[in-house]
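Please examine the structure shown below. The questions that follow proceed from single chain elements to the contact between two chains.

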Amino acid sequence: MKTKIAELRKAHRISQEELAKGVGTTRQTITSIEVEKYTASLPLAYKIAKYFGLKIEDVFDFSGFDDADGKGEER
Amino acid sequence: MNREEFRISLKKRMLFLRIFTAVYFLVFAAINHIDLFAASTPQNDFLKGFISGLSVFMLIFLVVVNVKATKALSNEENFEKIYIAQTDERSRYIKEKCGVGVVMPLSVILICVGMIAGYFSFPVFVALVAAGNFQIIVCCVLKLYYSKKY
């Protein structure tokens, strides 16, 4: 899933380590989410969005989930 | 699991670990004083060496885990690190994918049963220990693969 985490981090001048600490996860998880290897769970996505003061859909791109059958992307 | 629940769980685990370490140390000391093998054959010597080596490794491992857990509970920064490492969703997902929670205890049981069986039959010991080690290797390879994938 595409995200704007890297852009937001750069804009706020925050390192992956700081973001990870802020949302209670590891730096590796943040890296994996940024490079689209791993899809964050709803609670983690919420925490990340809240950290930047945004809504989930402003940080994560849900366009892949808008297909007709409603199944969307799979992990 | 929130921080306080994790702290309570860690304290419980530590108590269990300390009791287990003490019992393990007593059993280890007793086994080293009793010669369970009737004769000194190459197979018996190998088995004796294997059991001694693994026992020492286990003892060191238990002491290290004890020290780590004690440090985590005494220092808030260390506790935070362990809490994040234990509750990180990606790590948990990878662990679930490679079945660490099932494979590791099963492998330990296989190796322990193999060591006990070794006193009666050497081929059974070799088969069980090999199966246990194979499971651990497969689990580690899968963990490495999924760590790269996710």
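Helices, as named here, are DSSP runs of H or I with at least four residues, numbered from the N terminus. The model is predicted.

Q: Which pattern does chain A follow when read along the sequence?
A: Chain A has five helices and zero strands. Read along the sequence, its pattern is therefore written with one letter for helices, as DSSP runs define them. The pattern is α-α-α-α-α.

Q: In which loop is A:Glu36 found?
A: A:Glu36 has a phi near 65°, a positive value in a residue other than glycine. Its relative accessible area is 42%, so A:Glu36 counts as partly exposed. The residue is found in the loop between helix 3 and helix 4 of chain A.

Q: Is A:Arg13 buried or exposed?
A: A:Arg13 has its place in the loop between helix 1 and helix 2 of chain A. Phi of A:Arg13 is near 55°, which is a positive value in a residue other than glycine. Exposed means over 50% relative accessible area. Because the value for A:Arg13 is 76%, this residue is exposed.

Q: Is A:Thr3 buried or exposed?
A: A:Thr3 lies in the segment before helix 1 of chain A. Buried means under 20% relative accessible area. The value for A:Thr3 is 18%, and therefore A:Thr3 is buried.

Q: Which residues does A:Phe60 touch, not counting residues up to four places away in sequence?
A: Not counting residues up to four places away in sequence, A:Phe60 touches A:Met1, A:Lys2, A:Thr3, A:Ile5, A:Ile33, A:Ala40, A:Ala45 and A:Ile48.

Q: What percentage of the residues of chain A count as buried?
A: Chain A exposes about 4,800 Å², and carbon and sulfur atoms supply 49% of that area. Of the 75 residues of chain A, the share that counts as buried is 37%.

Q: How many residue pairs are in polar contact across the interface of chain B and chain A?
A: Eight residues of chain B are in contact with 13 residues of chain A. The two chains bury about 1,000 Å² between them, 53% of it on carbon and sulfur atoms. The count of salt bridges between them is zero. Residue pairs in polar contact, both at pLDDT 80 or more, number eight.

Q: Which helix of chain B gives the most to the side that touches chain A?
A: The elements that give two or more residues to this side are helix 4 and helix 6 of chain B. With three residues, the one that gives the most is helix 4 of chain B.

Notes:
Residues are numbered from 1 along each chain as its sequence is written. Chains are lettered from A and ligands numbered from 1 in the order in which they are written. This is a predicted model: local features need pLDDT of at least 70, side-chain atom pairs count only at pLDDT 80 or more; totals for chains, interfaces and linings use all residues. Side-chain values use heavy atoms; hydrogens and water are left out. Contact means heavy atoms within 4.5 Å. Buried means under 20% relative accessible area, exposed over 50%, partly exposed in between (1.4 Å probe, protein chains only). Accessible areas come from the Shrake-Rupley method with a 1.4 Å probe; for residues, only the protein chains shown count as cover. Buried area is the accessible area (1.4 Å probe) that two parts lose on being put together, summed over both. A salt bridge is a side-chain nitrogen of Lys or Arg within 4 Å of a carboxyl oxygen of Asp or Glu. A polar contact is a pair of N or O atoms within 3.5 Å; within protein, one must be able to donate a hydrogen and the other to accept it, and residues adjacent in sequence count only if both atoms are side-chain atoms.
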